[in-house]
Amino acid sequence: MMAQLIDGKQLSDQVLQEVASEVELLRAEHDIVPTLAVVLVGEDPASQVYVRNKVKRAEEAGMCSIAHRLDAECTQDVLNKLIDHLNNDPKVHGILVQLPLPSHLNDEEVIASIHPAKDVDGFHPLNVGALASGRPSLVPCTPQGCMIMLSQVHPDLSGKNVVVVGRSNIVGKPMAALLLQANCTVTIAHSRTQNIEALCLNADIVVAAVGRAEFINADWIKPGATVIDVGINAIDVDGKRKLVGDVDFESVARIAGAITPVPGGVGPMTIACLLLNTTRAAKHQLA
Ligand code: NDP
């Protein structure tokens with residue numbers, strides 16, 4: 001028996017349709033077009049692809065999206081001034097700075113300089129604190145997308161044993177906070193965790209956000225468990241570039257109850273949630 005596939009492409013289309021209806025409502029009732037400003041510093045090829053996708057999707061949902069491209073050598077001061085300008089522009093509802101930034105720039109300083117109400121990535125310390133204390137406002141997009149995917153299989157997550165592998169600020173930590181809020185029993189595993197395999201084997205749900213190609217295999221997964229694969233890793237197969245997750249899909253799909261594919265899983269959900277956050281931000285700013 002193969003696991004149920006949680007189709008991120010299809011689910012993200014549903015979310016985007018809801019976003020498009022909200023956008024239409026804001027336009028009709030308040031003459032507002034939710035607007036997302038995306039800031040890209042430098043020429044990192046992966047970041048360029050992400051930014052292009054975000055802008056394209058935003059426009060498909062009827063939103064306005066403006067990409068601000070700064071060259072790789074830009075100073076912190078120039079970047080701060082741009083953020084300042086976007087913070088003060090009433091027509092801009094969401095600001096996203098594509099990470100990682102070139103090493104001479106300070107990610108944390110930049111994140112903290114974004115107005116919390118426009119922080120559609122949910123990385124500002126105020127939004128992080130709100131999530132940690134159970135009063136979420138703008139929630140990080142990737143974990144938010146994972147929660148929507150999980151709701152397809154588990155309408156009630158209460159009491160589930162979940163292992164989140166990875167503790168980054170972008171994925172692992174906010175994921176754990178959302179699961180805790182949904183009354184799961186959450187274990188966060190990381191590079192210093194001992195017996196990680198045994199921990200996962202005991203889990204009803206495993207969320208993999210490790211950044212290592214096909215790291216988790218079938219021996220780690222309890223039969224029937226749900227597996228959410230956040231990883232996006234480019235590997236070389238017979239001279240061709242292939243995208244794989246942090247989960248060995250082939251083996252795990254034979255034992256899991258439900259699984260997300262890569263590509264076509266968490267990735268499209270992340271973008272859909274970014275647009276959801278932008279629409280929410282626009283609504284809050286209206287209020
Ligand atoms: P980070 O590199 O920031 O974090 C990776 C985490 O995995 C760390 O907490 C690290 O532990 C842990 N880890 C590394 N090696 C091991 C190991 N051998 N055993 C156990 N834990 C380990 O990555 P991100 O969280 O930013 O991203 C994770 C993956 O998700 C990447 O593949 C990334 O490309 C992908 N991603 C996908 C998105 C999407 O939209 N689908 C969005 C964001 C990320 P420690 O803290 O101890 O170092």
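Me: Why is Gly264 called partly exposed?

Reply: Gly264 has 17 other C-beta atoms within 10 Å. Buried takes 20 or more within 10 Å, exposed 12 or fewer, and partly exposed lies in between, with C-beta atoms placed from the backbone. Therefore Gly264 is partly exposed.

Me: What kind of model is this?

Reply: It is a predicted model: local features need pLDDT of at least 70, side-chain atom pairs count only at pLDDT 80 or more, and totals for chains, interfaces and linings use all residues. Residues are numbered from 1 along each chain as its sequence is written.

Me: Where is Gly264 placed?

Reply: Gly264 is in the loop between β11 (258-259) and α10 (266-286). Those labels are DSSP runs numbered from the N terminus: helices are H or I with at least four residues, strands E with at least two.

Me: Which residues is Gly264 in contact with, leaving aside neighbours within four places in sequence?

Reply: Asp7, Gly8 and Lys9. Contact means that the two C-beta atoms, placed from the backbone, lie within 7 Å.

Me: What makes β2 and β3 a pair?

Reply: Pairing needs at least two bridges found by DSSP between two strands. Seven bridges join β2 (residues 35-41) to β3. So β2 and β3 pair, and they run parallel. Val38 stands opposite Ala67 in β3.

Me: In what order do the strands of this open sheet come?

Reply: The order of the three strands is β3-β2-β4, with parallel pairing.

Me: What makes β3 (64-70) and β4 (94-97) edge strands?

Reply: Each pairs on one side only.
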